[in-house]
Amino acid sequence: MPASQRNQYQLLLKQGWDALQAGNPAEAEALYRRVLQLRPRTYEALHLLGQLCSRTGRPEEALDLLQKSLAIQPYNTAAMEDLGAAFLRLGRIDEAEDLYRRVLALRPANAGSYFNLALTLQRKGFIGQAIPLLRKALELNPNMLEAAFCLGGSLNESGHEDEGIAMFRRVVDNRPQDAPAHSNLLFAMLYHSRPDESALLQEHQRWAQRHAQPLAAFIRPHDNDPSPDRPLRVGYLSGDFWEHAVSFFFEGLLENHDPARVETFCYADLHRQDAVTERLQAKAAHWRDIRGQPDESIAAAIRNDKIDILVDLAGHSTAHHLLLFARKPAPLQVAYIGYPATTGLAAIDYRITDALADPPAQTDPFYTERLVRLDRPFLCYRPPDPAPPVSPLPAESGRGVTFCSFNALAKIRRPTVELWGRTLAAVHNSRMLIKAPRLRDDITRAAMRSWFNNVGIADDRIEFLPGTDTFFDHLATYHRADIALDTFPYHGTTTTCEALWMGLPVISLTGNTHRSRVGLDLLSAIGLPEFAASSPDHFVQTAAALAADLPRLRSLRASMRDRLRASPLLDCKSLAAAVESAYRTMWRAWCYLQRA
């Protein structure tokens, strides 16, 4: 190639890079494509354009370009890493893993090589395999905070809770403006087996002071019509308007709102959509797609919609919009479902709950929001449809009682396993079935198995199952169990309702905070408060007595769905009326202040 032509290509590539750095990806893409028009086999342009396509949401196009680049330079590890990222975006995780293992073989002393492979293994659910790779990445590059962040998550899920929290703190201390990392620290603290509620409140307040308080400068007076009895414009904001746990408890409320009292707006920031999304969209009076929009634009849209009450359904969970709430785009802001603790934000005025989940005076000190207690359970469950039929009682086969837990792995801590182990020891010939997606990992299973062994439970009494291909199959797995055991101190909510719907009674241990009282709330709602134990000894006794009473187990299993249908837990009309009354009380108080 003549030097002048080569110089022309290099100039175009440099101009493309400069355009990208200046925030002009379209200009950069045009320059890279110009290079390929002049010389289609320019591997740098193929690589850079492929990288750009991957980062702008075009993974299929990126795949083609990066593969062409690697056909010219097969050992270009940077292009291999970008190709791996494209594979991940397309869900082709095995191919990404193979590619990252090749990169690691070529660059065994590079922290990024270990990190990328670990990230891929995490996506596959192999957190036990990812942990040593992330440790190695940090050994090679102690400043690689992305590796510390991912290591914190894997450690927390695998039961190394103190070290996991320490990793998240390491990230937060070194990147104090990283609000998502700080939220992950809060979640890890929520899962801790020995939580310090005062420290947890202080950390939530620290999050708010660091990330939300600076945005108070954007709060402006609201010109909403202060008529106390007019119909209210209520906005619900979430990234979980799909087949997600939040939607199981939101759909019934949305569907049963009285349009004469409440005009509903859903602000949806969705990374996926499905049939549940379509149903919710049809039931909302107004649907706003806010994907990819900056907070200031969303806040402006909410103000333009004249929202009176804006409801957060996420708390500090993934992809939350608490920094939007910090701008106070609505006169009143409310926290509801989706997060079992305070948000810490002064800009969120209220939190909806009930007296069982949050006993008056007992839990109020741990919230920055004012608690509004409904006179009925604070949530309403929408059962999955379709769902498998309830099966006959497995214990009647003569193989003994099977206990189960299908809760998230991060909720299963050593004290929980010790409690379950005591329960198994008290029930002769009983077994335990534990199902969680992360249990496909051999290392994770071995660690949990050792916890049971340490409390005297042999391997043949424990069975671990990974995730299932479909939600229907997930529910059908309950056919194999007789009694569900709740986690502690972070209870199940969706999993408890699923178990009940599939005919299984749930034994829960009641604590002193919202997340350790949800079991009591749900069981009381369906008329079975006796299964909410007051102490570990009571938990074991309750489970053992029920396991010994097969006629009652059989009767409960056969009648459980009818019990739920007749209970407040499925009475979404009652919930909507109670929530609307709470909104009206909040609104009248605001209107009064406007006239004062």
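This is a predicted model: local features need pLDDT of at least 70, side-chain atom pairs count only at pLDDT 80 or more; totals for chains, interfaces and linings use all residues.
Modeller: A convention before we start: Ala, Val, Leu, Ile, Met, Phe, Trp, Tyr, Cys and Pro count as nonpolar, Asp, Glu, Lys and Arg as charged, and the others, Gly among them, as polar.

Biologist: By class, what does the lining of the second largest cavity have?

Modeller: That lining has 7 nonpolar, 4 polar and 1 charged residues. The volume of the second largest cavity is about 70 Å³.

Biologist: Which residues line the second largest cavity?

Modeller: Among them are Cys-404, Ser-405, Ala-484, Leu-485, Thr-495, Thr-496 and Ala-499. Two or more lining residues come from each of β8, β11 and α20 (494–501). The largest share, 3 residues, is from α20.

Biologist: Which way do the residues of β8 point, and are they buried or exposed?

Modeller: In strand β8 (residues 402–405), Thr-402 and Cys-404 point one way, Phe-403 and Ser-405 the other, and all are buried.

Biologist: Which strands does β8 pair with?

Modeller: One partner is strand β9 (residues 431–435), joined in the parallel sense over 4 bridges. The other is strand β11 (residues 483–485), which runs parallel to β8 and is joined to it by 2 bridges. Cys-404 stands opposite Leu-433 in β9 and opposite Ala-484 in β11. With helix α17 (residues 414–426) included, β8 and β9 make a right-handed β-α-β unit.

Biologist: Elsewhere there is an open sheet; in what order do its strands come?

Modeller: The order of the 7 strands is β3-β2-β1-β4-β5-β6-β7, with parallel pairing. β3 (286–289) and β7 (370–374) are at the edges with a single partner strand each, so one side of each has no neighbour in the sheet. On average, neighbouring strands of this sheet are turned by 25 degrees against each other, direction ignored.

Biologist: How many bridges join β4 to β5?

Modeller: Strands β4 (residues 309–312) and β5 (residues 332–335) are joined by 4 bridges. Asp-312 stands opposite Ala-335 in β5.

Technical notes. Residues are numbered from 1 along each chain as its sequence is written. Side-chain values use heavy atoms; hydrogens and water are left out. Two strands pair if DSSP finds at least two bridges between them. Axes are lines fitted to C-alpha atoms, for helices over the stretch in contact, and angles run from 0 to 180 degrees between N-to-C directions. Buried means under 20% relative accessible area, exposed over 50%, partly exposed in between (1.4 Å probe, protein chains only). A crossover is right-handed if, with the strands pointing away from the viewer, the path from the first strand over the helix to the second runs clockwise. On a 1 Å grid over the protein atoms alone, a cavity is a set of points where a 1.4 Å probe fits but cannot get out, and a pocket is an open set with protein on both sides within 12 Å along at least five of seven lines; lining residues have an atom within 4 Å of a point. Grid points are joined across faces, edges and corners, and a volume is the space filled by probe spheres set on the points.
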